[in-house]
Amino acid sequence: MVVSIMVIIERRDLDNVLNAKWLLLYGRRKTGKTFYVREKADYFKYFLVTTGGSIIELKSNEIYSFSEFIRLLPHFLSQGRIVVDEFHRLREPFFSLLQGLSGKGRIILITSTRHYFKRIVGSSSPLLGLFYIKEVGLIDPRDALSFIDRLGFERKLAVELAVLAQEPWLAPAIEALGENVFSTFGDSLRQTVPSLVGEIFREEERELTKRYWAILEAVADGKSGVGEIARELYSRGLINKETNSAVTPYLETLIEMGLLERIKIFGKRRATFKYRHISPVVDFAYYLNAKYGFFETEIPEETVKRLLEERMPQYVEVFFERLLAREYSLQPVRIEKPELEIDVSLVRNRKLYLVAEVKWKEKIRERDIRKAEDKLEKIEAKKKVLIVPDRRALPRMPEGLDVIDWKTALSFTTYQTSSPGSAR
């Protein structure tokens, strides 16, 4: 049964910094920065800077010109904490005025531009050193799972809904529809993902060219190495030479935008990386587009649901990789050899600490357990884990492996908030 509650996912990464006197939040579009601050932070006034440069105070709906806002800013700060959302749309003398007001009052700045953020807090910026800075990305897997638990879902379904709930904009649909969200997923993806990616490029002042689009499709279609990606773009006639250097700058830009991430291949003398989408939801949309022209062609919802079910084990692997990495403060890597590929590999101080095999299906057979035992026996690591939907479905407990299921993962979701206090 789904319990009706306010759609808000408690976020440990933000709860731990909201008390900072001077706080700067940045991250790509639709990661829930504005919503969370508006709902959870204590503030006197909340200002939103429009693309046209107007400044709207959201509590009173008052509109300020830039000159009025600059004149009144010291007064606002003296009255209580203020929030300035999309502050990068302002100009001088706002930044110099902030430098002059350093240490006075409490303020939260929010921006959806990553490249601009780096520029305004760089070595020559007047804002350097004034703010406690926090990047806002996808929902922490532990918080996504806690949210789904509060809705009353359990077992395999709970984890799969939590995979989607990492994208905050899907939380209302998950709350309203529950399991049925999988049956209505196509329309949401088709409408939202291209707009989201377009907004990210506009905010970053970049042109969404065919090369960027092709890379997003190629990565979603399983081409994770830079050579594979270059080969794909060359075959489409988008680059003149099939070389790594022809695509590396584009990959770096997509990483800076928060769309892709790179994972180091473990055990290579020369640094080698695999690339993947940060968001499983964006990945799935581009996978559908690469295979079926999804953004321009109608695909039956039952087909979308079936394809998501096929891809879900892959997304669950990444979900548990991130969950365990954050729970144990570890770094993800990939072990990829012709004779050995591990689902989850995490290192500490450059040494393997945790490896895991994921068997994401309702019925786990004896041969599944034996295969995981044999594979992980070949790896030297402090912790070896078998991840399944529900341990009660196992025909036996594996030898030498810990078992993590939905309930074990749920035990990782509790946390104590800490505070940076007066950090600036």
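Visitor: Which residues in H14 do Pro141, Arg142 and Leu145 in H6 meet?
Guide: This is a predicted model: local features need pLDDT of at least 70, side-chain atom pairs count only at pLDDT 80 or more, and totals for chains, interfaces and linings use all residues. Residues are numbered from 1 along each chain as its sequence is written, and side-chain values use heavy atoms, with hydrogens and water left out. Helices (H or I, at least four residues) and strands (E, at least two) are DSSP runs numbered from the N terminus, and contact means heavy atoms within 4.5 Å. The H14 partners of Pro141, Arg142 and Leu145 are Phe319, Arg322, Leu323, Arg326 and Glu327.

Visitor: How many charged residues has the contact of H6 with H14?
Guide: Ala, Val, Leu, Ile, Met, Phe, Trp, Tyr, Cys and Pro count as nonpolar, Asp, Glu, Lys and Arg as charged, and the others, Gly among them, as polar. In the contact of H6 with H14, four residues are nonpolar, none is polar, and the charged ones number four.

Visitor: Is H6 roughly parallel or roughly perpendicular to H14?
Guide: Axes are lines fitted to C-alpha atoms, for helices over the stretch in contact, and angles run from 0 to 180 degrees between N-to-C directions. The axes of H6 and H14 come within 8 Å and cross at roughly 110°. That makes the pair roughly perpendicular (under 35 degrees is roughly parallel, over 145 roughly antiparallel, 65 to 115 roughly perpendicular, the rest oblique). So the answer for H6 and H14 is: roughly perpendicular.

Visitor: Is aspartate 143 buried or exposed?
Guide: Aspartate 143 lies in helix H6 (residues 141–150). Leaving out residues up to four places away in sequence, aspartate 143 touches Ile9, Glu10, Arg11, Arg12 and Tyr415. Buried means under 20% relative accessible area, exposed over 50%, partly exposed in between (1.4 Å probe, protein chains only). At a relative accessible area of 3%, aspartate 143 is buried.

Visitor: Are H10 and H11 parallel or oblique to each other?
Guide: The axes of helix H10 (residues 210–220) and helix H11 (residues 226–235) come within 10 Å and cross at roughly 125°. H10 and H11 are therefore oblique.

Visitor: Which residues in H11 do the H10 residues meet?
Guide: H10 brings Arg211, Ala214, Ile215, Ala218 and Val219. In H11 they meet Ile229, Glu232 and Leu233.

Visitor: Which residue in E4 stands opposite glutamate 57?
Guide: Strand E3 (residues 55–57) pairs with E4 over three bridges, in the antiparallel sense. Opposite glutamate 57 stands glutamate 62.

Visitor: Which residue in E10 is the bridge partner of lysine 264?
Guide: A seven-stranded open sheet has the order E9-E8-E10-E13-E14-E15-E16, with mixed pairing. Strand E8 (residues 260–265) and strand E10 (residues 331–334) run parallel, joined by two bridges. Lysine 264 has as its partner valine 333.

Visitor: Which strands does helix H12 touch?
Guide: Helix H12 (residues 244–256) packs on the sheet, with its direction at about 115° to that of E8. H12 touches E8 and E9.

Visitor: Which residue in E9 stands opposite arginine 262?
Guide: E8 and E9 pair over five bridges in the antiparallel sense. The residue opposite arginine 262 is tyrosine 275.

Visitor: What is the omega of the peptide bond from glutamate 92 to proline 93?
Guide: Proline 93 sits in the loop between E5 and helix H4 (94–100). The bond from glutamate 92 is cis, with omega near 10°.

Visitor: Is arginine 350 buried or exposed?
Guide: Arginine 350 is in the loop between E13 and E14. Its phi is positive, about 70°, although it is not a glycine. At 78% relative accessibility, arginine 350 is exposed.

Key. Two strands pair if DSSP finds at least two bridges between them.
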